[in-house]
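Subject: A structure for you to look at

Hello,

Here is the structure I promised to pass on. Please open it next to this message and follow along.

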Amino acid sequence: MEKEPANHQQNSQQSNRLKYRQVMLEHLIWMASMDGAKAYAWGRALELDKIPYFKGIPEDLIKAMKEKNERNA
């Protein structure tokens with residue numbers, strides 16, 4: 001069995017990370033949509049922001065929630 005080229009493996013890993021980041025953001029949006037979990041979702045987003053891979057996720061959460069609220073208005 002041949003090994004995949006290094007750049008293909010790297011691209012695959014990056015793609016998986018982006019998918020995981022998106023799944024995490026969707027989970028935070030879901031939690032932030034519930035009255036009892038808004039504070040937790042925001043706190044978790046702030047914690048994740050300390051991890052380089054998740055840097056900027058609080059801003060993404062704010063943007064997503066504004067868009068969601070505009071659609072529901």
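Below is what I found in it, from the overall fold down to single residues.

**Overall picture**

Please keep in mind that this is a predicted model. The chain has a mean pLDDT of 88, and 86% of its residues reach 70 or more. Among the elements, H2 has the highest mean pLDDT, at 97, while H1 has the lowest, at 85.

Of the 73 residues in the chain, 26% are buried. If you take the contacts with a separation of 6 or more, 51% of them join residues 24 or more positions apart.

**The core**

The largest nonpolar core has 15 residues. Met 24, Leu 28, Ile 29, Leu 48, Ile 57 and Leu 61 are the ones with the most contacts inside it. Helix H1 (6-32), helix H2 (38-48) and helix H3 (57-72) each give two or more residues to this core. The largest share comes from H1, with 6 residues.

Leaving aside its neighbours within four places in sequence, Ile 29 touches Leu 61, Ala 64, Met 65 and Lys 68.

**How H2 meets H3**

The axes of H2 and H3 are 8 Å apart, and the two helices pack at an angle of about 145°. From H2, the contact uses Ala 41, Trp 42, Ala 45, Leu 46 and Leu 48. H3 brings Ile 57, Pro 58, Leu 61 and Ile 62. What kinds of residue make up this contact of H2 with H3? There are 9 nonpolar residues, no polar ones and no charged ones.

**The aromatic cluster**

I counted 2 aromatic pairs. One of them is Tyr 20 with Phe 54, which is edge-to-face, with 5.9 Å from centre to centre and 65° between the planes. This pair links distant parts of the chain: Tyr 20 sits in helix H1 and Phe 54 in the loop between H2 and H3, 34 residues apart. Tyr 53 and Phe 54 also pair, with ring centres 4.8 Å apart and planes at 75°, so this pair is edge-to-face too. Together, Tyr 20, Tyr 53 and Phe 54 form one aromatic cluster.

Tyr 20 is partly exposed at 46%, and Tyr 53 is partly exposed at 26%.

Arg 21 is found in helix H1. Is Arg 21 buried or exposed? Its relative accessible area is 15%, so Arg 21 falls under the 20% cut-off and counts as buried. Beyond its neighbours within four places in sequence, Arg 21 is in contact with Tyr 53, Phe 54, Lys 55, Gly 56, Ile 57 and Asp 60.

Asp 49 lies in the loop between H2 and H3. Asp 49 counts as buried because its relative accessibility is 17%, under the 20% limit. With neighbours within four places in sequence set aside, Asp 49 is in contact with Phe 54, Lys 55, Gly 56, Ile 57, Pro 58 and Glu 59.

Gly 56 is in the loop between H2 and H3 as well. At 19% relative accessibility, Gly 56 counts as buried. Apart from neighbours within four places in sequence, the contacts of Gly 56 are with Arg 21 and Asp 49. Gly 56 and Ala 45 lie 11 residues apart in sequence, and their C-alpha atoms are 8.9 Å apart in space.

Happy viewing, and write back with any questions.

Best wishes

Technical notes
Residues are numbered from 1 along each chain as its sequence is written. This is a predicted model: local features need pLDDT of at least 70, side-chain atom pairs count only at pLDDT 80 or more; totals for chains, interfaces and linings use all residues. Side-chain values use heavy atoms; hydrogens and water are left out. A nonpolar core is a set of buried Ala, Val, Leu, Ile, Met, Phe, Trp, Tyr and Cys residues joined through side-chain atoms within 4.5 Å. Buried means under 20% relative accessible area, exposed over 50%, partly exposed in between (1.4 Å probe, protein chains only). Helices (H or I, at least four residues) and strands (E, at least two) are DSSP runs, numbered from the N terminus. Contact means heavy atoms within 4.5 Å. Rings of Phe, Tyr and Trp (its six-membered ring) pair if their centres lie within 6.5 Å; planes under 30 degrees apart count as stacked, over 60 as edge-to-face and the rest as tilted. pLDDT is the predictor's confidence in each residue, from 0 to 100. Axes are lines fitted to C-alpha atoms, for helices over the stretch in contact, and angles run from 0 to 180 degrees between N-to-C directions. Ala, Val, Leu, Ile, Met, Phe, Trp, Tyr, Cys and Pro count as nonpolar, Asp, Glu, Lys and Arg as charged, and the others, Gly among them, as polar.
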